[in-house]
Amino acid sequence: MITALELGLIYAIVALGVYLTFRILNFPDLTVDGSFTSGAATAAILIINGVNPFLASGAAFVVGTLAGLITGLLHTKGNINGLLAGILTMIGLYSINLRIMGGANIPLLGEETTISLLRQIAGSGWTSVLVLVAVALVFKVLIDWFLHTDAGLALQATGDNEQMIRSFAVSTDRMKIIGLMLSNGLVGLAGAVVAQHQGFADIGMGIGLILVGLASVIVGQAIFGTRLVIQATMAVVLGAVIYRLAIQFALNAGLNPNDMKLMSALLVIAALLLPQWNGFRKFAARRKKGRSALQAAAEATLTKDANLNGKKVS
Amino acid sequence: MLNVTDVYKTFFPGTVNERKALVNVNLTLAPGDFVTVIGSNGAGKSTVLNTVAGRISQDEGVVSLDGRDVSKLKEHQRAAQVGRVFQDPMAGTSPNLTIEENLSLADKRGQARGLGFGVTRAKRERFAEALTVLELGLESRLKTKVGLLSGGQRQALSLLMATFSQPKILLLDEHTAALDPQRAELVTRLTRKVVEEQGLTTLMVTHNMAQALEVGNRLIMMHEGRIILDVSEEEKSKLAPGDLLAEFAKIKGAALDDKTMLQ
């Protein structure tokens with residue numbers, strides 16, 4: 001339970017990164033499968049060579065941003081489809097990660113890591129969970145703050161309405177690259193911490209990570225809502241924890257660990273399909289009834305206007 | 001202020017779909033000029049606007065703003081000096097951001113966007129005051145997401161945003177065409193007001209000939225990528241929509257019904 005909570009809080013950083021690309025930039029970025037491992041590999045190789053673990057984790061962030069930069073350049077300057085650009089970087093990173101690690105696996109047992117330091121200070125009980133809660137919240141607040149700065153608003157608008165923000169003198173190419181760099185930096189950092197938590201870095205640890213990120217974002221936001229940015233990021237963090245607890249629960253119930261990836265995929269599919277299903281919509285509408293009449297009225301006018309405009313434009 | 005010199009643009013050159021969108025277009029706007037552009041579908045009106053904005057790059061010719069050649073600049077680089085309002089009311093604002101956040105984006109046109117807060121108390125007051133001009137009560141709904149506004153409200157907000165940081169050129173691409181008559185009237189009135197107050201150099205495309213004659217101090221008519229008529233303020237005041245049709249028929253030497261023009 002405690003391990004699941006800890007992992008969930010670390011994966012919350014992945015989820016925040018995926019939130020930046022998938023929700024804010026509206027860009028499903030598959031680079032994370034590679035950059036997660038790159039972060040883990042970088043931190044691991046630095047740690048076993050005696051570098052301070054915090055510095056090593058910082059280096060993992062930087063390596064992650066570089067991976068994001070490559071995907072961003074391929075997509076914006078190279079006009080390569082976003083999905084394909086991410087896949088290309090991800091595949092390329094596989095070889096690079098092997099080069100960084102010099103093999104398929106680096107054990108970190110007995111090394112001084114951020115997690116071993118955490119254990120020294122806080123033990124392995126609820127105190128360490130609280131420390132990780134604080135860490136996850138720091139990243140959440142940092143993202144909240146960034147998204148409300150002038151640069152962050154331009155990033156949000158880039159995902160929302162590209163034509164509009166370009167007409168206000170913002171380079172959407174640059175904003176996408178910044179978003180991808182930030183996102184993959186966070187993912188790389190999370191990879192570094194996960195490696196230190198599990199005691200090794202492994203070439204396969206990033207496989208399917210995008211699903212973990214998406215599941216956290218989609219499940220969290222379906223439960224906790226997305227009306228405000230601060231609400232959405234909180235939902236993402238909680239989503240990551242819930243996802244990890246669900247996995248733990250499934251494993252305890254006797255599910256084969258090899259089936260976990262299939263379970264993740266089914267979970268994301270369910271989260272994407274359920275809202276389209278009529279019965280679910282009725283349920284959601286009933287839940288919405290409690291909301292203020294003003295907002296409901298505003299939404300009604302919106303749909304009406306959208307219909308009108310649709311007719312006139314066509 | 002704006003000089004378009006010998007501009008040519010052909011879409012899909014060398015194919016069966018080849019279309020000459022602009023043919024030797026020359027257009028000069030003095031500071032403060034408010035020019036309305038009319039013409040049938042495919043006449044090249046929007047292409048002229050998009051060429052000025054940098055969304056389309058011309059095959060030949062030069063576009064210069066305020067004496068500076070901007071032909072090589074990208075759309076977002078030119079946008080530092082060019083404000084735009086689009087036909088689609090959904091196009092000019094960011095639906096998932098609030099009214100105040102949208103205004104903050106508009107406020108920063110042409111400036112570096114750093115890590116300061118996008119909306120501060122001082123800015124909020126300034127935004128609220130600017131919104132009162134629209135007379136839509138939006139100043140009391142600063143934290144409402146723009147996606148919840150009606151098309152007319154959005155278009156009025158788009159206009160305010162496009163002119164908020166006083167661009168050198170304002171480009172209006174049939175910005176009242178998708179609105180109901182009442183809202184269209186409101187947006188037209190706001191357009192005249194803001195252009196007059198700020199002395200903006202404006203290029204406005206419209207399908208509505210009455211509107212084209214009513215607003216602005218100059219009118220040009222386009223056909224098949226060429227400017228075929230350029231009417232000064234003085235002549236314009238004497239014209240009626242029917243005269244424009246007759247003028248068009250005379251120039252093209254062909255009869256033309258209202259429907260083609262008004263499409």
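A:Thr113 counts as buried because it has 24 C-beta neighbours inside 10 Å (buried takes 20 or more other C-beta atoms within 10 Å, with C-beta atoms placed from the backbone). Keep in mind that this is a predicted model, where local features need pLDDT of at least 70, side-chain atom pairs count only at pLDDT 80 or more, and totals for chains, interfaces and linings use all residues. Residues are numbered from 1 along each chain as its sequence is written, while chains are lettered from A in the order in which they are written.

**Around A:Thr113**
- A:Thr113 sits in the loop joining strand 1 (105-107) and helix 5 (114-122) of chain A; helices (H or I, at least four residues) and strands (E, at least two) are DSSP runs, numbered from the N terminus.
- Leaving out residues up to four places away in sequence, A:Thr113 touches A:Ile47, A:Pro53, A:Leu108 and A:Gln196 (contact puts C-beta atoms, placed from the backbone, within 7 Å).
- From A:Thr113 to A:Leu137, 24 residues apart along the chain, the C-alpha separation is 21 Å.

**Helix pair in chain A**
- Helix 2 (residues 32-48) and helix 4 (residues 82-101) of chain A pack at about 10 degrees, axes 8 Å apart; axes are lines fitted to C-alpha atoms over the stretch in contact, and angles run from 0 to 180 degrees between N-to-C directions.
- Helix 2 and helix 4 of chain A are therefore roughly parallel (angles under 35 degrees).

**Where chain B meets chain A**
- The contact draws 32 residues from chain B and 28 residues from chain A.
- Helix 3 of chain B gives the most to the side of chain B that touches chain A, namely four residues.

How values were computed
Parallel < 35°, antiparallel > 145°, perpendicular 65-115°, else oblique. Contact = placed C-beta atoms within 7 Å. Buried ≥ 20, exposed ≤ 12 C-beta atoms within 10 Å, placed from the backbone.
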